[in-house]
Amino acid sequence: MNIIDIILKKRNGEKLNKQEINYVISEYTNDKIPDYQISALLMAIYFRGMDDEEASFLTSAMLNSGDTLDLSKISGVKVDKHSTGGVGDKTSLVVAPIVASLGIKVAKMSGRGLGHTGGTIDKLESIPGYDVSISEEDFIRQINDIGIALVGQTKKLAPADKKLYALRDVTGTVDSIPLIASSIMSKKLATGADVIVLDVKVGEGAFMKNVDDARKLATLMVNIGKLQNKKVVAVLTDMSSPLGMAVGNSLEVIEAIDTLNGNGPKDFTELCVVASAELILEAGYAKNIEEAKELANRQIANKEGLNKLVELVKAQHGDYLYILNPSRFEKSKYVYNVLSVKEGYINNINSLDIGNASMKLGAGRLSLDDKINPRVGIVLTKKPGDYINKGDIIAKIFSDDVLDKNIYNLILNAYRVEDVYNKVPLIIDIIK
Ligand code: URA
């Protein structure tokens with residue numbers, strides 16, 4: 001087999017077979033094919049696409065390029081949840097404990113944030129002491145003991161994806177549906193859960209800017225899951241505005257705690273209940289989706305979800321008193337109000353701009369080595385559908401530095417204010 005023939009085949013729009021895809025991935029992982037040839041192949045895939053079977057072969061090849069977790073020592077159904085990356089997306093911090101509090105085993109490995117999107121692991125690390133890098137043995141032991149573990153992805157998981165993703169990042173080939181689908185699914189399948197709920201974000205702050213593309217990505221990931229005998233559900237959700245009110249690490253953890261206490265923002269709570277309900281239903285813990293939603297709501301009302309989060313934080317050496325009393329979280333040095341200069345209904349709040357403003361405050365990172373500041377971020381005080389007057393406080397900036405006018409203006413201009421409000425649903429579709 002030879003890489004030039006494979007590049008030509010894809011360039012000419014033909015389908016690659018399993019052997020060819022396995023060859024490319026194994027040779028590239030072992031540094032036997034140079035970046036420039038893989039770059040050419042990635043660009044050919046970008047333009048020519050891949051069908052479901054090819055994407056599934058690519059997923060398998062990447063998942064087999066490294067370690068896979070063996071969850072067979074954990075009894076019962078194991079579930080996982082993944083988001084394609086959003087702004088203010090702290091859903092896992094709520095969904096995982098709700099589901100685990102019902103006895104469903106949650107085995108979740110999460111990533112760090114990059115660019116304008118945040119990562120669950122960074123958020124968890126804003127809880128003092130929380131250890132995101134426990135061993136595989138402890139991961140399994142903890143799930144058997146308390147039903148949940150939320151840790152960082154090990155370096156040995158799907159190393160081919162790590163290499164390919166870095167190359168895609170610098171060759172203009174990130175936003176290819178088969179490449180995104182196989183990248184996400186290789187990591188999800190490597191961690192061994194039986195049921196996976198994918199939150200596929202749509203809008204300005206997401207990889208997928210329109211519903212048609214998001215639907216294609218979601219359908220492909222669901223089909224890859226089916227080809228690998230997993231139950232995969234994709235929830236398409238709007239990311240034209242940030243999710244909830246808080247954007248920034250400890251601010252988001254506080255909002256997750258509020259939500260588990262029954263006091264979360266409406267949009268965020270709705271998504272948490274829907275994502276939890278899909279996991280509950282597919283895990284076989286409810287007869288239908290209505291019953292599953294009732295169970296999710298019940299675990300919020302009776303604080304069982306919150307208690308599970310406390311248990312999780314304790315098990316991973318975090319200071320659980322922060323969960324019981326979020327006022328313990330260290331505050332930023334300054335808080336600045338953003339005042340509206342317009343009057344009317346907020347139609348949307350550009351999540352890409354809010355994510356970038358949050359990153360500039362220090363809550364996110366431009367490159368993987370950047371350090372993040374857990375205290376800083378933005379809390380929106382008005383959301384789409386709200387009517388605002390000139391001078392109203394529309395957001396609060398939590399900063400450790402004196403006010404940066406550029407950041408202030410980025411947030412101010414993220415608000416689209418108009419005479420009428422056109423509601424966009426948060427849950428756009430559910431694909432299984
Ligand atoms: N997240 C991933 O893990 N991979 C992609 O390609 C895009 C988003």
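**Figure 1. Placement of domain 2 and domain 3 in the predicted model.** The centres of domain 2 and domain 3, taken over C-alpha atoms, are separated by 24 Å. In the contact between these two domains, 24 residues come from domain 2 and 28 residues from domain 3. The structure shown is a predicted model. Its chain is divided into domain 1 (3–49), domain 2 (78–324) and domain 3 (332–418).

**Figure 2. Area buried between domain 2 and domain 3.** About 1,900 Å² is buried between the two domains, and carbon and sulfur atoms give 58% of this area. On the side of domain 2, H116, M245 and L251 together supply 26% of the area buried against domain 3. No other three residues of domain 2 supply more.

**Figure 3. Polar and charged pairs between domain 2 and domain 3.** Two salt bridges are counted between domain 2 and domain 3. A total of 13 residue pairs are in polar contact between the two domains, counting pairs in which both residues have pLDDT 80 or more. The elements that give two or more residues to the side of domain 2 touching domain 3 are β6 (246–247) and α11 (249–260). Of these, α11 gives the most, with three residues. Classified by residue type, this side of domain 2 has nine nonpolar, eleven polar and four charged residues.

**Figure 4. Salt bridge between K383 and D267.** The side chains of K383 and D267 form a salt bridge, with an N to O distance of 3.0 Å. Side chains of opposite charge can pair when their charged atoms come close.

**Figure 5. Surroundings of the ligand.** Y165, R168, I180, S183, I184, K187 and F207 surround the ligand. In the side chain of R168, an N or O atom is 2.9 Å from an oxygen atom of the ligand. The side chain of S183 has an N or O atom 2.6 Å from a nitrogen atom of the ligand. For K187, a polar side-chain atom lies 2.4 Å from an oxygen atom of the ligand.

**Figure 6. Salt bridge between K201 and D89.** The whole structure contains 26 salt bridges. In the pair shown here, K201 forms a salt bridge with D89, and their closest N and O atoms are 3.6 Å apart. K201 belongs to strand β4 (residues 195–202), whereas D89 is in the loop between β1 (78–83) and α5 (92–100). The two residues are 112 residues apart, and the pair thus links distant parts of the chain.

Key
Residues are numbered from 1 along each chain as its sequence is written. This is a predicted model: local features need pLDDT of at least 70, side-chain atom pairs count only at pLDDT 80 or more; totals for chains, interfaces and linings use all residues. Side-chain values use heavy atoms; hydrogens and water are left out. Domain bounds come from an automatic or database domain assignment. Contact means heavy atoms within 4.5 Å. Buried area is the accessible area (1.4 Å probe) that two parts lose on being put together, summed over both. A salt bridge is a side-chain nitrogen of Lys or Arg within 4 Å of a carboxyl oxygen of Asp or Glu. A polar contact is a pair of N or O atoms within 3.5 Å; within protein, one must be able to donate a hydrogen and the other to accept it, and residues adjacent in sequence count only if both atoms are side-chain atoms. Helices (H or I, at least four residues) and strands (E, at least two) are DSSP runs, numbered from the N terminus. Ala, Val, Leu, Ile, Met, Phe, Trp, Tyr, Cys and Pro count as nonpolar, Asp, Glu, Lys and Arg as charged, and the others, Gly among them, as polar. A residue is near a molecule or strand if one of its heavy atoms lies within 4 Å of it.
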